[in-house]
Structure formats: C-alpha cells, structure tokens
Amino acid sequence: MFRLTALLLVSSVAAEIYRIPMQKRPLGFLKPITHTERAIADVIEADSSTPMLRASGKAVISDFSNAQYYGSLTVGSPPQSINVIFDTGSSNLWVPNHHNWFQHHQIYDHSKSSNYKANGTKFSIMYGSGAVSGYFSQDTVNIAGIDLEDYTFAEVDNTKGMGVAYYMAKFDGICGMGWDSIVQGGGHSPIGALVASGKLDAPEFGFYLGNNAPGEMVIGGTDEKHYTGDFTYVPLSAETYWEVKLDSFKIKGESATSAVKAIVDSGTSLLAGPKADVKKIAGLVGAKPIAGGLTGEYSIDCNAEAPDMEFTMGGKTFTLAKKDYVLEEGGQCLFAMMGIDIPAPNGPLWILGDVFMRKYYTKFDYGNKRLGFALAA
Ligand SMILES: *[C@@H]1O[C@H](CO)[C@@H](O)[C@H](O)[C@H]1NC(C)=O
C-alpha cells in the first residue's frame with residue numbers, strides 16, 4: 001500500500017511569511033467536488049501518490065493536471081503531525097484520533113501530549129457530501145510555525161459519513177480557513193486565532209494552487225513569486241465563507257446565472273453553481289451528462305472549441321478559457337463544473353473552487369475583509 005508523505009512546514013526567516021507546501025495528487029476522471037468527493041477520486045488512483053522532494057527550503061512536488069491539495073500542521077506537545085486540507089469553505093479544525101481498520105491516516109493521540117486539556121463536548125460537522133463527528137479538545141496547535149496555545153479543535157472518531165473514500169484519502173483532517181461566525185461550537189476559527197495571536201506579520205494568507213507546478217499556502221503575507229501584476233480587490237459580502245458579490249457571470253456575452261454571490265473555496269475541486277444554470281451552461285459549452293446525469297457531472301469533447309467563461313467581481317472580469325475549465329485525464333475530458341443547489345440564506349451561490357484558484361492566485365485578506373485576485377504565475 002501507499003504511505004502518507006510527511007509534509008514540512010517551512011517558515012521563511014526574514015519576511016515572517018510562513019509557507020505550507022501543498023501536496024498535489026492526481027484524481028480520477030470522476031472529478032470530486034468537495035473533500036469527500038476528492039477522497040472518492042483517491043480510491044480511483046490510490047497508488048499514484050507522488051513523493052514530495054525538498055530542496056533548500058522549498059517544497060517541490062511532481063506535477064499532475066488534476067489535484068488534491070493538502071499540507072501539514074501539528075497538534076500537541078511534543079508535536080504530532082497531521083495532514084489537513086486547508087479549506088476556505090469551512091471554519092473548524094478536526095483531526096482523527098483513531099485508526100479505522102486498514103487505514104493509514106496519521107492520528108492525534110491526546111494521551112501523548114503534555115498540553116492536552118479535556119473538553120469532551122460533542123462535535124459534528126457536515127461537508128458537501130458527508131459528516132464527521134467526535135468531541136472537542138484543547139491543545140497546542142501549530143500552523144505554519146505559529147503556536148496557538150490551548151486552541152479548541154475537534155478530535156474525530158467517526159468518519160463514516162465520508163464513506164469508504166476517507167480510508168484512501170491522503171488527508172487526515174480538515175483545517176477550515178473561514179471566518180469565526182461559522183465555527184461549530186463557537187470560538188475562533190484557525191485563521192481568527194492566528195490573527196488574534198498577533199504573531200502574523202499581516203492578517204492575511206495567500207493560496208497558490210500550482211498548475212503543473214507545486215502549490216503553496218503562505219500565512220502572514222502573499223508570495224509574489226507566484227503571481228503577476230496587481231491584485232484586484234473585492235470586498236467581502238459576508239464574513240462567513242470567503243463570500244463576495246458576483247457582478248455577473250457571462251458566456252458569449254449572455255448572462256449564465258441569476259445567482260449574485262460567489263465564494264472562493266479551496267476545499268472544492270471544481271466550479272459549482274445552481275443545477276439549472278449548470279445544465280444550461282453545459283449545453284452552451286457542449287458538455288454531456290455522465291451516467292445519465294446521476295452524478296451531476298459532465299464530460300466534454302477534448303478537441304472541440306468552447307467559449308470562455310467570464311466572472312465579473314469588483315468591477316473586473318476574470319476569464320476562464322476551455323483549457324482552464326476542462327480537466328483532462330487519459331484522453332477523456334471532464335467539464336469542471338457541477339450543479340449544487342445551496343439553499344437560502346447562504347445560497348444560491350457559485351463556488352469558485354480549485355479550478356478558479358489555479359488560474360488566479362488568491363489573497364485572503366482577513367484584515368481588510370476582502371479577497372485579492374492576481375494571475376497565478
Ligand atoms: C468545550 O468546547 C466548546 C466548543 O468550543 C465550548 O463551547 C465549551 O465552552 C467548552 N467547554 C469547556 C468546559 O471548556
């Protein structure tokens with residue numbers, strides 16, 4: 001079987017910017033949309049894991065066209081290393097605390113930590129396609145080189161909601177990077193706690209999801225090596241997810257949606273929007289439902305021409321060309337968009353997942369309550 005690759009936190013000495021190398025893995029043709037669906041794809045290609053190489057303080061990983069991204073943090077004293085998805089679409093940190101039969105996750109064992117403090121209140125959280133549950137605990141959590149003392153997080157002992165997929169997933173837990181207001185159980189979200197610690201150089205983080213290149217998250221700044229030009233800033237319309245107003249979404253000059261907001265979600269692989277819109281858009285770009293439409297996924301002819309998608313936010317238009325919104329694997333092409341109806345009050349909305357973030361480096365500007373987008377480089 002495969003082995004989990006330990007990832008390394010690399011803190012840059014001078015700039016007080018902390019880098020988390022993002023592991024990148026290939027996915028199967030049936031492209032996942034949320035954490036769980038990503039995990040399903042892991043089942044398809046569980047043996048294609050790529051060892052991460054490290055050279056002079058930089059994480060280097062092999063490139064694949066499609067990916068799952070995760071990095072490492074530690075919990076406890078002495079530190080216990082856990083691989084997590086840094087998920088801007090949720091706000092809780094959870095780590096697994098027990099081994100299911102025949103699984104290979106790294107787990108947290110509070111009996112081995114001198115800083116552990118019991119809480120015991122029950123915890124459960126529902127993601128796009130599955131729930132996990134356990135209980136709250138307190139311990140030292142170290143994210144990107146910064147210690148959060150007595151941070152309240154969840155130890156998860158039940159991952160059944162994520163299905164068999166979790167067994168094969170490369171991540172162990174999830175570290176939500178959203179706002180405090182959507183923390184299950186209350187308190188600070190991890191990024192809220194990092195900002196409150198006063199230890200960040202700047203109250204922000206930047207995500208680079210490499211496209212045929214290594215990915216990286218930096219906390220306390222952004223990494224100018226990974227974008228070109230200036231950021232276009234868009235004020236947040238809510239401090240829940242990283243949500244902004246979607247001025248328009250057009251294809252061939254025609255409006256493609258009636259939804260007026262969007263969230264930028266590193267924990268979602270594809271683009272996702274209201275089902276009825278996605279159905280129409282699929283028709284416009286020449287995509288066909290897979291499996292009779294049961295999965296909500298579409299395939300597309302790899303060689304056919306297809307129009308650009310134009311998302312306007314903050315008065316600026318962000319374009320995705322066919323090469324950006326199609327995922328090719330083994331000579332087949334998946335239309336990287338999926339229909340999901342998110343009910344009011346949060347929805348209807350568009351989820352701009354990794355497909356969008358691969359093209360646009362994203363600054364999550366907590367201090368100024370805005371998102372910044374620049375072309376990834
Ligand atoms: C346990 O954690 C929950 C969730 O953060 C919190 O609401 C509660 O006050 C904590 N209880 C104790 C006894 O610390």
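A backbone N or O atom of G185 sits 3.3 Å from an oxygen atom of the ligand, a polar contact (a pair of N or O atoms within 3.5 Å; within protein, one must be able to donate a hydrogen and the other to accept it, and residues adjacent in sequence count only if both atoms are side-chain atoms). Please keep in mind that this is a predicted model: local features need pLDDT of at least 70, side-chain atom pairs count only at pLDDT 80 or more, and totals for chains, interfaces and linings use all residues. Residues are numbered from 1 along each chain as its sequence is written, and side-chain values use heavy atoms, with hydrogens and water left out.

**Around the ligand**
- The ligand has N119, T121, F136, T152 and G185 around it, where near means that a heavy atom of the residue lies within 4 Å.
- The side chain of N119 has an N or O atom 2.3 Å from an oxygen atom of the ligand.
- The protein buries 47% of the 360 Å² that the ligand exposes when taken alone (Shrake-Rupley method, 1.4 Å probe).
- This shell consists of 1 nonpolar, 4 polar and no charged residues (Ala, Val, Leu, Ile, Met, Phe, Trp, Tyr, Cys and Pro count as nonpolar, Asp, Glu, Lys and Arg as charged, and the others, Gly among them, as polar).

**Confidence**
- The average pLDDT of the protein is 80, and 81% of the residues score at least 70; pLDDT is the predictor's confidence in each residue, from 0 to 100.
- Residues 1–17 have a pLDDT below 50, and the model gives this stretch 56 contacts beyond near neighbours in sequence (heavy atoms within 4.5 Å).
- Residues 24–67 stay under 50 in pLDDT, with 152 contacts beyond four places in sequence.

**Aromatic pairs**
- The model holds 26 aromatic pairs, counted when ring centres of Phe, Tyr and Trp (its six-membered ring) lie within 6.5 Å; planes under 30 degrees apart are stacked, over 60 edge-to-face and the rest tilted.
- Y227 and Y361 form a tilted pair because their ring centres are 5.0 Å apart and their planes meet at 50 degrees.
- Y227 belongs to strand β14 (residues 227–239) and Y361 to strand β28 (residues 360–365), so the pair links distant parts of the chain, 134 residues apart; strands are DSSP runs (E, at least two residues), numbered from the N terminus.

**Backbone details**
- S77 and P78 are joined by a cis peptide bond with omega near -5 degrees, and P78 is in the loop between β5 (69–75) and β6 (80–87).
- The peptide bond between G347 and P348 is cis, with omega about -5 degrees; P348 is in the loop between β26 (337–339) and β27 (350–352).
- A144 is not a glycine, yet has a positive phi of about 55 degrees.

Technical notes
Helix = DSSP H or I, 4+ residues; strand = E, 2+ residues; numbered from the N terminus.
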